Amino acid sequence: MALEAHFEQTIRSEIEFSGVGLHSGAPVLMRLIPAPAGSGIVFRRTDLDNFEIAAIGRNVAKVSYATSLMRQSVLISTTEHLLSALIGFGVDNVIVEVDNLEVPILDGSALPYVQAFHSVGLKQQRRKREYLKILKEVEVREGSKFIGVYPGTGYRIQYTIDFPQPIGYETFKGDLATGDYVKLIAPARTFGFKEDEAMLRDMGLIRGVSDESAIILSRQGVENGPLRFDDEFVRHKVLDLIGDLALAGRRIQGWVVAERAGHAMHTALVQRLMRDRSAWELAHGYDEVAEPAGMLGRLQPATVS
């Protein structure tokens with residue numbers, strides 16, 4: 001039986017952010033504007049005659065060190081943290097105006113966004129929110145990397161990472177339907193290894209990185225601590241995942257399991273889901289669904305060799 005139906009929401013008033021792009025290093029002014037019910041999340045390049053790009057799977061462009069959207073050769077880069085905050089906080093409809101090609105990195109997490117949403121408040125709209133209810137498993141595998149989505153209650157996520165030291169092996173489990181996002185996921189910051197800096201800069205990446213916008217790691221440990229969580233690294237991967245899965249256009253009702261995945265696999269899962277119309281249906285509110293057979297095993301910490 002469905003839980004009480006949720007209604008779509010937008011922000012009560014405009015919100016403005018300024019900063020630099022993580023990879024481009026370019027200064028950017030970004031403004032979030034309330035949008036009508038049914039609009040979804042739409043980016044608008046104010047420096048290019050207000051050209052609009054909807055945050056949906058078919059507009060996914062580059063997915064390596066960040067998730068970018070493109071339509072008719074117009075690009076919006078590093079969208080995942082903002083999209084994660086919008087989905088995690090329950091903002092369904094918003095116009096995102098930016099005056100450059102990349103979303104500002106801010107502190108490297110989704111926390112500045114959710115704090116701003118809390119400050120202005122949300123406005124309930126008259127349209128019932130549609131959820132993407134998963135009907136059967138859909139999986140993407142690439143060697144030892146894996147991501148899958150399964151029928152289930154709420155929006156449960158288990159993510160496992162295995163990075164070189166000082167990170168190592170971490171697993172996180174949470175449920176967006178129980179309000180875990182704001183306290184347990186949003187504050188987790190992006191991270192990188194100092195030894196990779198020269199290589200990434202040569203690739204035209206991380207030109208806007210600083211100690212204030214990312215966790216910087218060396219083989220000896222965290223160089224700009226303290227961490228916000230003991231397992232902040234895997235929590236940030238969950239944050240990224242939620243932002244990338246937002247490109248399905250709706251919040252998922254189901255269970256997501258990821259092992260050593262990343263932006264490319266996250267968005268590949270979205271595109272595979274969108275192609276297989278038998279894998280999901282639209283539903284209003286979260287349903288009470290019996291636990292699928294075999295899922296208990298999948299939701300235990302995975303063994304990583």
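This is a predicted model: local features need pLDDT of at least 70, side-chain atom pairs count only at pLDDT 80 or more; totals for chains, interfaces and linings use all residues.
**View 1. Packing of helix 5 against helix 6.** Helix 5 spans residues 232-245 and helix 6 spans residues 263-275. Their axes lie 9 Å apart and meet at an angle of about 35°, and the crossing is right-handed. Helix 5 contributes Lys 237, Asp 240, Leu 241, Asp 244 and Leu 245 to the contact, while helix 6 contributes His 263, His 266, Thr 267, Leu 269 and Val 270. By class, four of the contact residues are nonpolar, three polar and three charged.

**View 2. The largest pocket and its lining.** The space in this pocket amounts to about 1100 Å³. Its lining has 42 residues, and those nearest the centre are Tyr 65, Phe 163, Phe 191, Gly 192 and Lys 237. Two or more lining residues come from each of helix 1 (80-89), strand 14 (155-163), strand 16 (191-193), helix 4 (197-202), helix 5 and helix 6. Helix 4 gives the largest share, four residues. The lining comprises 18 nonpolar, 10 polar and 14 charged residues.

**View 3. The second largest pocket and its lining.** The volume of this pocket is about 480 Å³. Among its 28 lining residues, Gly 40, Ile 41, Asp 92, Gly 249 and Arg 250 are the closest to the centre. Strand 4 (41-45), helix 1 and helix 6 each provide at least two residues of the lining. In this lining, 12 residues are nonpolar, eight polar and eight charged.

Key
Residues are numbered from 1 along each chain as its sequence is written. Side-chain values use heavy atoms; hydrogens and water are left out. Axes are lines fitted to C-alpha atoms, for helices over the stretch in contact, and angles run from 0 to 180 degrees between N-to-C directions. A crossing is left-handed if the near helix is turned anticlockwise from the far one by less than a right angle, and right-handed if clockwise. Contact means heavy atoms within 4.5 Å. Ala, Val, Leu, Ile, Met, Phe, Trp, Tyr, Cys and Pro count as nonpolar, Asp, Glu, Lys and Arg as charged, and the others, Gly among them, as polar. On a 1 Å grid over the protein atoms alone, a cavity is a set of points where a 1.4 Å probe fits but cannot get out, and a pocket is an open set with protein on both sides within 12 Å along at least five of seven lines; lining residues have an atom within 4 Å of a point. Grid points are joined across faces, edges and corners, and a volume is the space filled by probe spheres set on the points.
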